[in-house]
Amino acid sequence: MIIVVSVGGSVLARELNTEKFREYASVLKEISKNNTLFVVTGGGRAARDYIGVVRALGADEATCDLTGIEVTRLNARLLIAALGDDAYYEPPLDYNDAKKAGMSGKIVVMGGVAPGQTTDAVSAVLAEYIGADLLINATSIDGVYTSDPKKDKNARKFETMTPEQLIEIVIKTQMMAGANSPVDLLAAKIIERSNIKTIVLNGENPRNIIDAVNGKHNGTVIEK
């Protein structure tokens, strides 16, 4: 299979913990033995900190985005270092470069691409562009809920859902101030138009990703 794994910065780099990168590297190496693997890394707290400073200095929002993208690429480089020879040697800067890097047979790790695109969106577009069989979104929550489970004790988790249902949930969640959406709207629309099988799961334990590849996970499956 061709697999794209989106690893949120809040999971991979909440703090710069060497062991977390090593844990992820071990899991990704295992998956790559029988699959073609692409990974997109988020920015996490460091990205938010940098963006906060550059915004306070008067930069426009596109510049803030570009600053965050640089941090995602730094996280990608850390993961590449942890993967060693199993990884393509540097983070591709766009989708075309990523596709070419995939021909190396190595694990391809990249960060952001362009202003206005989150890690979710980059992962979905990449999955579409390379014809991925599976997109895994490793986040800080264990799936998609009817509402934000951190704010609504009655929130119900979906075991499976359609891309159309995902869009409906994302729109509803994003309209609530301060709410966290499991996948952003652009990513949800890409998933819908390309019908990419997607699994949203908790990435705090990287082994959950292996379970997802093997069809034994506790996340939410999104497909028609």
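Predicted model: local features only at pLDDT ≥ 70, side-chain atom pairs only at ≥ 80, totals over all residues.
1. Let me start with a pair of helices: H5 passes H6 in a right-handed crossing (a crossing is right-handed if the near helix is turned clockwise from the far one by less than a right angle, and left-handed if anticlockwise). The contact is formed by Tyr95, Asn96, Ala98 and Lys99 from H5, together with Ala121, Val122, Val125, Leu126, Tyr129 and Ile130 from H6; contact here means heavy atoms within 4.5 Å. By class, the residues of this contact comprise 8 nonpolar, 1 polar and 1 charged.

2. Residues are numbered from 1 along each chain as its sequence is written, and side-chain values use heavy atoms, with hydrogens and water left out. Helices (H or I, at least four residues) and strands (E, at least two) are DSSP runs, numbered from the N terminus.

3. Back to the geometry of that pair. Helix H5 covers residues 95–102 and helix H6 residues 119–130; their axes are 10 Å apart and the packing angle is about 55°. Axes are lines fitted to C-alpha atoms, for helices over the stretch in contact, and angles run from 0 to 180 degrees between N-to-C directions. H5 and H6 are therefore oblique to each other, given that angles under 35 degrees count as roughly parallel, over 145 as roughly antiparallel, 65 to 115 as roughly perpendicular and the rest as oblique.

4. H6 also packs against helix H8 (residues 185–194), where the axes come within 8 Å and cross at roughly 20°. These two helices, H6 and H8, are therefore roughly parallel to each other, and their crossing is left-handed. On the H6 side the contact uses Asp120, Ala121, Ala124, Val125 and Glu128, and on the H8 side Leu186, Ala187, Ile190, Ile191, Arg193 and Ser194. The division in this case is 7 nonpolar, 1 polar and 3 charged.

5. Now the sheet. It is open, has 7 strands in the order S3-S2-S1-S4-S6-S7-S5, and its pairing is mixed. Strands S3 (108–110) and S5 (160–161) are the edge strands, each pairing on one side only; two strands pair if DSSP finds at least two bridges between them. Helix H2 (residues 18–32) packs on the sheet and touches S1, S2 and strand S4 (134–139), its direction making about 150° with that of S2.

6. Phe38 of S2 is the bridge partner of Val4 and stands opposite Val108 in S3. Of the 6 residues of S2, 5 are buried, so the strand is largely enclosed by the rest of the structure. Buried means under 20% relative accessible area, exposed over 50%, and partly exposed in between (1.4 Å probe, protein chains only).

7. Leaving aside neighbours within four places in sequence, Ser6 is in contact with Val40, Thr119, Asp120, Ser123, Ile136, Asn137 and Ala138.

8. H2 has a helix partner too: H2 and helix H4 (residues 61–83) pack at about 65° with axes 9 Å apart, and H2 passes H4 in a right-handed crossing. Phe21, Arg22, Tyr24, Ala25, Leu28 and Lys29 of H2 meet Asn75, Leu78, Leu79, Ala82 and Leu83 of H4. The contact residues here are 8 nonpolar, 1 polar and 2 charged.

9. Finally, two loop residues. Gly105 sits in the loop between H5 and S3 and, at 69% relative accessibility, counts as exposed. Asn195 belongs to the loop between H8 and strand S6 (198–202), and is partly exposed, with a relative accessible area of 40%. For a backbone check, Asn195 has a positive phi of about 50° although it is not a glycine.

Notes: Nonpolar A, V, L, I, M, F, W, Y, C, P; charged D, E, K, R; others polar.
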